[in-house]
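Take a look at the sequence and the model below. Then read on for a short tour, from the whole chain down to single residues.

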Amino acid sequence: MRPYKMRPYNHKISAKANKSLQKRAVVVALQKRLIAISAILIISLIILSGTTFVAFAKASKQTKPVKEYISIQVQTGDSLWSIAEEYTKDYDINIEDYINEVKSVNSLKSESIHSGQFIIVPEYHTSAL
């Protein structure tokens, strides 16, 4: 730490007043340093939090649904529509396209399925890029 610049001695005032002014000059110099350091820290924190926010925003956007095929057993009351709604509810997947894919994978000629039947369906989950 470098020494503080000494105030020139003023011969027009008392020694006690000169000493008081010198102490005040030291305090003011310390306050200026503290303000400068605080400003640098605040600016650094703002920059750091901004870049962290941008990084998290990019990470959350860099996800896409990954498709896997699973075999399920049709339950009483199930339809291709209800199954499609269940397996696409969290993703922006067109239900009609999903049903057509299920029909194609399982060689179904109609949308008719029966309780106890096993069918293969696409299942989506999110994976980071």
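Of the contacts in the protein chain with a separation of 6 or more, what share comes from residues 24 or more positions apart? The share is 64%. Keep in mind that this is a predicted model.

**The chain as a whole**

The protein chain has three helices and two strands. Along the sequence they follow the pattern α-β-α-α-β. The chain has 129 residues, and 16% of them are buried. Its accessible surface comes to about 10,100 Å². Carbon and sulfur atoms account for 61% of that surface.

**The core**

Now go inside. The largest nonpolar core has 14 residues. Those with the most contacts inside this core are Leu80, Ile83, Tyr98, Ile119 and Val121. Helix 2, helix 3 and strand 2 (118–128) each supply at least two residues of the core. Helix 2 gives the largest share, with four residues.

Which residues of helix 2 are buried? Helix 2 spans residues 80–88, and its buried residues are Leu80, Ile83, Ala84, Tyr87 and Thr88. Seen down the helix axis, these buried residues fall within an arc of 110 degrees, so they line one face of helix 2.

Ile119 is then in contact with Ile70, Ser71, Ile72, Val74, Leu80, Ile83, Val102 and Asn106.

Ser71 is found in strand 1, which covers residues 63–73. Not counting residues up to four places away in sequence, Ser71 touches Phe118, Ile119 and Ile120. Where does Val121 sit relative to Ser71? The two are 50 residues apart along the chain, yet their C-alpha atoms are separated by 6.3 Å.

**One salt bridge**

How many salt bridges does the structure hold? It holds one. The side chains of Glu101 and Lys67 meet there, at 2.9 Å from N to O. The pair links distant parts of the chain: Glu101 is in helix 3 and Lys67 is in strand 1, 34 residues apart.

Are the two partners buried or exposed? Glu101 has 19% relative accessibility, so Glu101 counts as buried. The cut-off for buried is under 20%. Lys67 has 38%, so Lys67 counts as partly exposed.

**On the surface**

Tyr69, Val105 and Ile120 make a nonpolar surface patch of about 250 Å². Val105 lies in helix 3, which runs over residues 95–105. Val105 counts as partly exposed because its relative accessibility is 37%.

Ser107 lies in the loop between helix 3 and strand 2. Its phi is positive, about 55 degrees, although Ser107 is not a glycine. Is Ser107 buried or exposed? At 61% relative accessibility, Ser107 counts as exposed.

| Residue | Relative accessibility | Class |
|---|---|---|
| Glu101 | 19% | buried |
| Val105 | 37% | partly exposed |
| Lys67 | 38% | partly exposed |
| Ser107 | 61% | exposed |

**To sum up**

The salt bridge joins Glu101 to Lys67. Residues 24 or more positions apart make up 64% of the contacts with a separation of 6 or more.

Methods:
Residues are numbered from 1 along each chain as its sequence is written. This is a predicted model: local features need pLDDT of at least 70, side-chain atom pairs count only at pLDDT 80 or more; totals for chains, interfaces and linings use all residues. Side-chain values use heavy atoms; hydrogens and water are left out. Buried means under 20% relative accessible area, exposed over 50%, partly exposed in between (1.4 Å probe, protein chains only). The arc is that of the directions from the helix axis to the C-beta atoms. Patches are made of residues with over 30% relative accessible area and no salt bridge: like charges are joined within 9 Å, nonpolar side chains (Val, Leu, Ile, Met, Phe, Trp, Tyr) within 5 Å. Accessible areas come from the Shrake-Rupley method with a 1.4 Å probe; for residues, only the protein chains shown count as cover. A salt bridge is a side-chain nitrogen of Lys or Arg within 4 Å of a carboxyl oxygen of Asp or Glu. Contact means heavy atoms within 4.5 Å. A nonpolar core is a set of buried Ala, Val, Leu, Ile, Met, Phe, Trp, Tyr and Cys residues joined through side-chain atoms within 4.5 Å.
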